Amino acid sequence: MDDSNKDNHLNRRKFLRNMGLAAAGITIVPSNVIAGLGHTAPSDKLNIAGIGVGGMGRTNLRHMNSQNIVALADVDWKYADRTFKDYPKAKKYKDYRKMLEEMDKDIDAVMISTPDHTHYVSAKDSMNAGKHIYLQKPLTHSVYESRKLRELADETGVATQMGNQGNSSDDMRKVCEWIWNGEIGEVTKVDAWTDRPIWPQGLERPGEKMDVPKTLDWDLFIGPAQYRPYHEAYTPWNWRAWWDFGTGALGDMACHIMDPVYKALELGYPYAFEASSSQVNTESAPMAEKVTYYFGERPKKGKINMPGVEFTWYDGGLKPDRPEGLKEGMYPGDQRGWGGAIFYGTKGTLVCGTYAMDPFIIGREDNPPPVTNELRRIPKAMEGGHEMDWVRAAKEDKKSRVECSSNFAYAGPLNEVVVAGNLAVRLQDLRRKLDWDAEKMEITNIGDDEQIRVVTTDSFTVVDGDPRFDTKYDTMNAKQAAKEYIKRTYREGWSY
């Protein structure tokens with residue numbers, strides 16, 4: 001997206017503008033899906049492999065099952081067993097790398113729904129093998145991985161789509177077109193929230209030892225993360241809480257809830273962010289947090305100017321104030337209960353739920369504005385259309401392909417913004433707004449010798465009626481910590 005902050009230097013303007021221009025499209029497709037060069041003609045079915053198929057991956061594959069599901073890779077064969085039974089003819093693997101090597105010529109495209117920390121490596125290896133990629137949200141675990149994956153999509157030209165299905169929805173298009181048509185005026189403030197986490201967070205690393213289940217390859221689950229002993233608290237599903245494996249409630253849901261904000265307001269990159277939260281520790285995301293991003297002025301869109309925007313995110317039970325004029329008994333997102341966003345414009349306030357669902361303008365609930373049909377519509381987007389639009393793109397000729405709406409040229413920058421919020425959370429002991437240089441992927445106002453203290457363990461007991469606290473901290477160099485959070489050090493055997 002384009003972010004021409006008038007207060008920034010010209011080179012940064014050019015950088016952000018180029019990121020927006022790149023979103024216009026990617027060009028090449030791998031030879032094995034071009035008619036005459038491989039086993040599958042563009043008009044025929046794709047041969048799709050799945051990596052991480054025990055959870056949301058099963059749903060994604062179900063939405064693609066009009067195609068040929070030829071291979072399935074998962075580190076936990078017990079968790080993946082239902083999906084294995086769905087596709088008995090598909091070849092099964094634990095190591096996706098072995099699958100790509102052995103079945104290279106039999107695979108056109110790959111659906112990936114692994115834990116966050118292995119999104120990048122599995123997508124990178126698949127794209128380098130010439131496979132089209134459908135990758136669950138969040139796109140990657142870190143800012144650096146998002147940037148690299150977006151660049152790799154541009155280099156390889158494969159068809160890409162992030163699994164934020166609301167991006168393809170009619171409601172998303174309605175939000176964008178209302179705003180671009182000036183229905184609520186210029187937007188300078190947006191609040192958003194989610195009901196997540198619905199898994200445990202604020203956890204300390206387990207101390208007890210457990211045997212690894214026979215159906216789980218623990219070393220493959222760890223992947224590029226630093227090794228730790230197995231514990232059932234990590235997988236399946238609860239990996240979202242742990243910094244080494246997941247990205248917390250922000251990473252899990254902002255790719256859905258921030259998405260209409262990012263798309264409609266063409267936000268680009270923030271120039272600063274800050275956060276506060278419940279206790280944050282070295283192991284897992286906090287139970288509740290508030291993150292504020294600051295975006296500069298952008299070029300005019302449609303009928304409106306795009307002034308600077310302050311975007312604030314809430315989770316873990318925290319919510320923004322009810323907007324003025326909202327009917328009594330209502331709250332944004334209540335229709336579904338998952339969360340939502342509130343756009344404050346100079347002429348009105350627009351509210352939508354998760355995935356941009358059920359949008360309305362306060363005071364115009366019974367008389368919504370017309371849409372302009374500026375954006376391409378995708379049939380049944382929320383019932384498999386998002387996945388099938390990717391299938392469609394993967395089959396199209398490189399010279400005429402219509403890119404998916406959440407292709408990596410769009411999803412990469414969006415995801416950079418999402419996971420950058422975790423930098424603000426993890427560095428909040430600095431007690432300041434953090435200045436962000438998006439081009440260099442650096443926080444610019446941390447001194448070389450500054451330190452932060454982060455909780456490692458925290459216990460509380462009552463002895464003879466008196467409370468006794470025992471909180472221990474890890475003191476670390478803030479600048480080095482920030483670099484590690486932006487681009488983490490991979491375990492030996494894994495690479496960027």
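Is F311 buried or exposed, and what is its relative accessible area? F311 is buried, with a relative accessible area of 0%, where buried denotes under 20% relative accessible area, exposed over 50% and partly exposed the range in between (1.4 Å probe, protein chains only). The model is predicted, so that local features need pLDDT of at least 70 and side-chain atom pairs count only at pLDDT 80 or more, while totals for chains, interfaces and linings use all residues. Residues are numbered from 1 along each chain as its sequence is written, and side-chain values use heavy atoms, with hydrogens and water left out.

Aromatic contacts were examined next. A pair of aromatic rings is described by the distance of the centres and the angle of the planes. Rings of Phe, Tyr and Trp (its six-membered ring) were paired if their centres lie within 6.5 Å, with planes under 30 degrees apart counted as stacked, over 60 as edge-to-face and the rest as tilted. The count by this rule is 20 aromatic pairs. One of them joins F221 and F245 in an edge-to-face arrangement, at 5.2 Å centre to centre and with 65 degrees between the planes. This pair links distant parts of the chain, 24 residues apart: F221 belongs to helix α8 (residues 218-222), and F245 to the loop between α8 and α9 (248-257). Helices (H or I, at least four residues) and strands (E, at least two) are DSSP runs, numbered from the N terminus. Both F221 and F245 are buried. A tilted pair is formed by Y293 and F311, at 5.9 Å centre to centre and with 50 degrees between the planes. Here, too, distant parts of the chain are linked, with Y293 in strand β9 (residues 289-295) and F311 in strand β12 (residues 309-315), 18 residues apart. Y293 is buried, its relative accessible area being 0%. F221 and F245 also belong to one aromatic cluster with W218, Y230, Y234 and W242.

A charge sits over a ring if NZ of Lys or CZ of Arg is within 6 Å of the ring centre and within 35 degrees of the ring normal. R97 lies over the face of W494, 4.2 Å from the ring centre, and K263 over that of Y410, at 5.0 Å from the ring centre.

In the UniProt record, an unreviewed entry, residues 47-163 are annotated as "domain: Gfo/Idh/MocA-like oxidoreductase N-terminal"; positions follow the numbering used here, feature names are shortened, and annotations may be inferred rather than shown by experiment. The end C-alpha atoms of residues 47-163 lie 19 Å apart, and the span is 38% helix and 21% strand.
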